[in-house]
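Please read the following briefing alongside the sequence and the coordinates. It is arranged by topic, with the cut-offs given where a term comes up.

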2 protein chains.
Amino acid sequence: MTSILNQHEDYQQAQEAYGFPLIIKQLLNRAKIASTDQTISYANKVTYTYAEFFKRVNRLANVLKNMGLQAGDVVAVMDWDSHRYLEAYFAVPMSGMILQTVNVRLAEDKVLYTINHAKPKALLLNAEFEPMAKNYRHEAPSIEKIVWLDDTGFDDAKYAGDDIKNDTKTEQVSMPDYVEGEYEAMLAAASDAFDFPDFDENTIATTFYTSGTTGDPKGVFFTHRQIVLQTLASTLASALNAEGQGARYNDVYMPMTPLFHVHAWCWPYGATMIGLKQVYPGRYLAPTLVDLIEQHKVTLSHGVPAILQMLLKEMAARGRKFEGLKLLLGGSKLNEGLAKAAIESGIEFMSGFGMSESCPVLSRAVFDDKTDSMEMKEQLNYRCLSGSPIMLVSMEIWDENGKALPMDGESTGELVIRAPWLTQSYFKNPDAGNELWRGGWMHTQDIACITSDGTLSITDRLKDVIKSGGEWVSSLEVETILSFHPSVADVAVIGVPHERWGECPLALVVLKPEYTDTKADDILALGHQAVEKGHLPKYGVPSEIKFLAEMPRTSVGKLDKKRMRIMCAEKLI
Amino acid sequence: MTSILNQHEDYQQAQEAYGFPLIIKQLLNRAKIASTDQTISYANKVTYTYAEFFKRVNRLANVLKNMGLQAGDVVAVMDWDSHRYLEAYFAVPMSGMILQTVNVRLAEDKVLYTINHAKPKALLLNAEFEPMAKNYRHEAPSIEKIVWLDDTGFDDAKYAGDDIKNDTKTEQVSMPDYVEGEYEAMLAAASDAFDFPDFDENTIATTFYTSGTTGDPKGVFFTHRQIVLQTLASTLASALNAEGQGARYNDVYMPMTPLFHVHAWCWPYGATMIGLKQVYPGRYLAPTLVDLIEQHKVTLSHGVPAILQMLLKEMAARGRKFEGLKLLLGGSKLNEGLAKAAIESGIEFMSGFGMSESCPVLSRAVFDDKTDSMEMKEQLNYRCLSGSPIMLVSMEIWDENGKALPMDGESTGELVIRAPWLTQSYFKNPDAGNELWRGGWMHTQDIACITSDGTLSITDRLKDVIKSGGEWVSSLEVETILSFHPSVADVAVIGVPHERWGECPLALVVLKPEYTDTKADDILALGHQAVEKGHLPKYGVPSEIKFLAEMPRTSVGKLDKKRMRIMCAEKLI
């Protein structure tokens with residue numbers, strides 16, 4: 001017998017009448033009432049209030065509508081991080097359209113592949129990428145409407161750093177005749193009133209492509225509901241951290257993960273939902289980023305370790321330190337050397353884990369009384385792990401047969417997840433989608449263990465795993481050990497074929513400029529010490545070190561181990 | 001033309017296969033991995049770990065199942081705040097059943113009314129309320145199974161405060177033969193494994209009754225989805241507050257809004273989701289509450305102003321202060337005198353607004369740089385307002401014609417809301433439900449204005465309810481009771497300010513000419529009789545009676561309570 005409460009007809013009708021879909025426009029509800037005077041800046045070019053932002057979102061929706069676009073159409077954006085991008089984050093999906101955030105740092109043919117694959121009907125195009133778009137136009141494109149974005153209309157005189165101005169300013173490209181018009185002019189001409197409708201929260205809001213390491217980029221996609229839930233849970237996990245280490249109402253936010261990269265981890269949605277003061281930095285150049293952090297007193301940001309490294313180097317060159325900048329880290333694992341340098345430079349960083357397929361945040365470092373009382377060595381170790389699952393996230397560690405292993409800090413296997421914000425497949429690639437979701441859990445292809453207090457330790461990528469003499473070697477562990485050598489600026493460890501052991505680890509190292517005469521054995525000595533202390537098995541010591549001038553990285557700054565393995569195989573290094 | 005992304009069949013299939021309903025069991029995901037060693041205490045009687053808690057939730061689900069209960073059945077709880085209640089918060093709705101949180105502080109006939117109306121099939125009954133249940137059993141009850149809850153099995157010797165022990169201990173009532181068994185014994189006998197299924201997130205999870213202003217209590221009900229979303233948004237709004245004033249991972253949580261009162265504002269769900277150390281205080285007695293706060297180093301709680309007043313008085317009597325206890329306030333408006341006393345006593349309080357119909361939290365005070373720099377006078381004023389809307393909440397101020405008024409801190413009208421967690425109607429009372437949702441927005445029946453920075457100021461009740469100690473007193477009901485006295489020609493009951501309870505009822509009476517020598521106590525005796533009979537709560541008896549020659553009425557002959565309140569305030573009567 002089911003309860004009368006569940007059969008209550010009026011309730012069913014009311015549900016339809018008063019239902020409240022989790023759609024992106026609802027993320028604006030609080031800010032529309034509480035943050036109308038708060039400001040949003042595009043570098044030092046433009047600053048306006050949230051009140052103005054809301055009007056501009058309406059104007060952009062009218063521009064899209066006036067161009068004949070309809071719900072379901074894909075609208076692509078090729079831009080650096082700007083106020084325009086933030087406006088598109090809201091206006092496009094709130095119009096029922098799908099926002100394609102094009103990764104402009106991929107190789108040109110990959111960029112064009114992602115556009116040809118998603119088939120956007122309109123493109124918001126930064127002048128800087130016009131050559132790419134021009135090439136695309138020869139291939140029977142889906143794009144019918146192009147809106148021209150450039151920075152020439154802004155008053156650069158307001159901007160303090162002269163050399164930076166030259167850096168950020170692109171060579172003047174005049175507006176081609178095939179575009180609909182210039183963004184600012186089109187917004188100015190459009191009405192600032194728009195009535196965004198309610199619709200099904202399972203409508204797709206965004207799509208973008210994983211840079212992938214093999215084959216063509218794969219498209220992932222997220223619904224309104226997924227983005228709203230990720231935004232709530234991810235901001236909450238960050239806000240609960242102890243004093244000095246959490247997101248707060250008085251933060252000044254600036255992204256340092258590009259807006260084309262997994263929605264900048266949904267923080268532009270989160271910052272707007274909370275009503276924070278926001279700064280969008282344009283293209284990521286170390287001097288610009290540090291200038292903006294200092295001038296706007298930025299307190300909250302996020303990025304990959306490579307960005308952190310860039311910031312530290314720039315600040316060191318200025319002979320100054322950060323003043324407790326809170327930096328959410330992810331993308332790849334931090335090594336303890338970098339962690340120590342960050343702490344010494346006044347950055348409070350919070351590691352986490354996520355991926356393109358997961359919207360992205362799945363775990364975040366927790367700071368509480370326990371972490372507060374940790375000594376430096378223990379703290380460094382903790383801070384280089386990947387935090388614990390954020391609200392609503394389920395995690396398991398599976399062995400090769402899909403059996404869940406205990407969370408004991410020792411058992412290691414593939415991390416699989418369930419959460420309300422995971423891509424449900426790959427776009428037009430159901431086989432890869434089914435593979436991703438084998439057994440009803442999303443496969444991260446990361447090898448991990450979880451401690452009994454829930455801290456996630458990623459030990460390797462499934463495909464980067466080194467298997468030596470039948471045993472796994474954690475490349476991340478070896479990288480961490482070698483990173484402590486004073487001469488090492490950057491280090492990567494990969495597996496290379498070995499006659500006897502199947503595979504053995506090999507290290508690629510970039511030396512700091514002042515240490516170019518360092519010998520391989522000096523660095524490997526750290527590996528041998530680690531073996532003596534029982535921190536590393538004998539077969540974990542690299543067979544060889546190769547020195548490089550620059551570390552091969554993917555477009556999003558991750559170590560490109562696939563390319564490294566090819567370079568080694570083809571004896572290019 | 002809709003985009004191919006929206007037509008993507010694999011996506012639709014995947015949605016079904018990999019969907020993730022927002023159901024209460026998902027609130028446990030994080031704690032199950034990250035907080036297994038954290039503890040939950042019932043006063044100083046029981047302390048166990050989350051690992052044990054999860055097992056006990058499974059055991060309780062098995063107890064319910066073994067009693068023959070099924071999804072859709074209503075399970076009522078009559079208990080003070082205990083670990084058992086927390087277990088029921090999860091096990092009952094996670095089993096697909098509906099948790100009825102019975103307000104045991106209502107008059108007995110109202111309690112029985114709410115049970116007869118919701119028709120629970122099972123009741124978890126604290127021994128203390130056995131007399132009430134016994135009476136109910138004479139009325140052809142829906143309840144088939146009763147589980148007996150008492151505190152006699154716990155080792156009270158562990159508890160430090162002797163006098164408090166006597167306070168909290170109820171007179172021993174032996175277990176009646178009509179019950180199924182004793183809670184702890186039944187849990188011990190049940191399996192600690194239970195596989196909670198996924199189901200539709202719009203399934204009703206909880207129901208309870210508003211004490212109402214007129215007539216019978218009205219039932220509200222909330223779905224799993226609504227509770228999950230309220231929990232996320234409400235904890236987030238609290239966590240974002242500035243240093244010293246926000247919810248944190250290192251908080252120790254104890255409720256001081258009863259678990260039968262709007263799910264204790266969903267904080268038992270929130271605290272468990274986050275994985276906080278938790279303390280459940282049993283019945284609210286000032287010495288017990290302060291003892292527990294001091295002994296367990298409680299840092300985070302919530303309550304109505306009357307509870308705050310109780311705490312301050314008790315702590316003052318001990319000659320000590322609180323150490324920055326963070327107290328979320330709501331229920332009725334704080335006055336500045338109490339606010340000042342709270343600050344001086346070391347309590348960081350955060351005002352907010354909500355109601356039974358809204359799950360409940362809709363707004364919460366924001367603390368940021370602006371509030372940090374306020375002087376005391378300004379700060380007191382700010383802290384007595386009701387904060388700003390939390391995430392996802394839409395608010396408007398409507399005039400009598402349903403027109404939205406500007407948010408300028410001056411325009412005053414009825415506060416109407418939209419949010420994802422509002423009751424969709426009143427249970428078996430669709431007319432009242434439709435009235436609640438007039439024009440597609442939920443009507444709070446509160447008169448308010450909102451400043452341009454989004455701070456909500458509740459200025460009045462739309463109707464003339466009286467709120468005493470956080471509970472509503474129905475003036476109509478009190479009027480009806482007093483009107484039975486032979487001397488009374490006309491009677492009106494209004495709320496007047498009361499130092500301890502916020503408000504208390506005061507009666508205005510016009511005597512019949514032949515009874516002009518009637519004394520106030522003669523008439524109040526009817527009130528006391530009604531209390532004894534369980535028709536009126538104690539706080540419903542007017543503090544005072546004022547005699548008038550003529551009753552103030554509006555032009556259409558209705559009682560003019562506004563004018564009455566002014567006359568009282570200005571001491572004209």
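Leaving aside its neighbours within four places in sequence, which residues is B:His224 in contact with? With contact meaning heavy atoms within 4.5 Å, the partners of B:His224 are B:Leu22, B:Ile23, B:Ile24, B:Pro93, B:Met94, B:Phe199, B:Glu201, B:Thr203, B:Ile204 and B:Ala205. This is a predicted model, in which local features need pLDDT of at least 70 and side-chain atom pairs count only at pLDDT 80 or more, whereas totals for chains, interfaces and linings use all residues. Residues are numbered from 1 along each chain as its sequence is written, chains are lettered from A and ligands numbered from 1 in the order in which they are written, and side-chain values use heavy atoms, with hydrogens and water left out.

- B:His224 belongs to helix α10 (residues 224–239) of chain B, where helices (H or I, at least four residues) and strands (E, at least two) are DSSP runs numbered from the N terminus.
- The side chain of B:His224 reaches the backbone oxygen of B:Pro93 at 3.2 Å.

**Interface between chain A and chain B**

- On each side 84 residues take part, those of chain A being in contact with those of chain B, and the two chains bury about 7500 Å² between them, 61% of it on carbon and sulfur atoms; buried area is the accessible area (1.4 Å probe) that two parts lose on being put together, summed over both.
- Six salt bridges are counted between chain A and chain B, a salt bridge being a side-chain nitrogen of Lys or Arg within 4 Å of a carboxyl oxygen of Asp or Glu; the side chains of B:Asp198 and A:Arg418 meet in a salt bridge at 3.9 Å, N to O.
- Between the two chains, 26 residue pairs are in polar contact, both residues at pLDDT 80 or more (a pair of N or O atoms within 3.5 Å; within protein, one must be able to donate a hydrogen and the other to accept it, and residues adjacent in sequence count only if both atoms are side-chain atoms).
- Helix α10 (residues 224–239) of chain A gives the largest share of the side of chain A that touches chain B, namely eight residues.

**Domains of chain A**

- Chain A is divided into domain 1 (25–450) and domain 2 (466–569), with bounds that come from an automatic or database domain assignment.
- The contact between these domains takes 18 residues from domain 1 of chain A and 13 residues from domain 2 of chain A.

**Backbone geometry**

- Most residues other than glycine have a negative phi, and most peptide bonds are trans.
- The peptide bond from A:Cys359 to A:Pro360 is cis, with omega near 10°, and A:Pro360 lies in the loop between β15 (352–354) and β16 (361–364) of chain A.
- In chain B, the bond from B:Cys359 to B:Pro360 is likewise cis, with omega near 10°.
- A:Leu392 has a positive phi, near 75°, and this residue is buried, with a relative accessible area of 0%.

Definitions and conventions: Buried < 20%, exposed > 50% of the residue type's maximum accessible area, 1.4 Å probe, protein only.
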